[in-house]
Amino acid sequence: MPVAVGTIETLGFPGVLAAADAMVKAGAVTLVSYDKSEKGRFMVSVRGKISEVNVAVAAGLEAVEKTYGAEVTAHYIIPNPNENVDTVLPIHYTSKVEEFRTF
């Protein structure tokens with residue numbers, strides 16, 4: 001089954017919190033990664049079917065726009081990431097998120 005990863009990076013914590021909440025509510029996706037980037041930037045990543053990740057990231061971007069003081073600094077969707085990318089980067093399903101996996 002084609003699986004994608006979608007990531008949103010924001011300036012400030014409230015924006016990433018709003019994005020994460022909107023993404024998991026909008027699409028059948030699993031939140032697989034959250035981290036601090038640099039200089040007050042935070043990132044969140046979700047995985048799921050390509051169509052669901054597209055919907056989820058769009059909802060996350062809209063939520064950040066509505067959050068006071070928040071700003072999207074970057075976002076990206078990768079359909080069918082190579083297994084090397086999946087192994088090296090923190091975007092894989094872990095035991096902590098396995099119970100929330102959507103498929």
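Predicted model: local features only at pLDDT ≥ 70, side-chain atom pairs only at ≥ 80, totals over all residues.
Residues are numbered from 1 along each chain as its sequence is written, and side-chain values use heavy atoms, with hydrogens and water left out.

I then traced the strands (DSSP runs of E, at least two residues, numbered from the N terminus; helices are runs of H or I, at least four). Strand β1, residues 3-11, pairs with strand β3, residues 41-49, in the antiparallel sense over nine bridges. I took two strands as paired if DSSP finds at least two bridges between them.

I turned to strand β2, residues 29-36, which runs antiparallel to β3 and is joined to β3 by seven bridges. V29 has G48 as its bridge partner in β3. β2 and β3 form a hairpin with four residues between them. In that turn I noted K39, with a positive phi of about 45°.

I next examined F13, which lies in helix α1, residues 13-26. F13 is partly exposed, as its relative accessible area is 38% (buried is under 20%, exposed over 50%, partly exposed in between, with a 1.4 Å probe and protein chains only).

Finally, I consulted UniProt, where an unreviewed entry places the feature "domain: BMC" at residues 4-90; such annotations may be inferred rather than shown by experiment. I recorded that this span is 43% helix and 39% strand, and that its end C-alpha atoms lie 14 Å apart.
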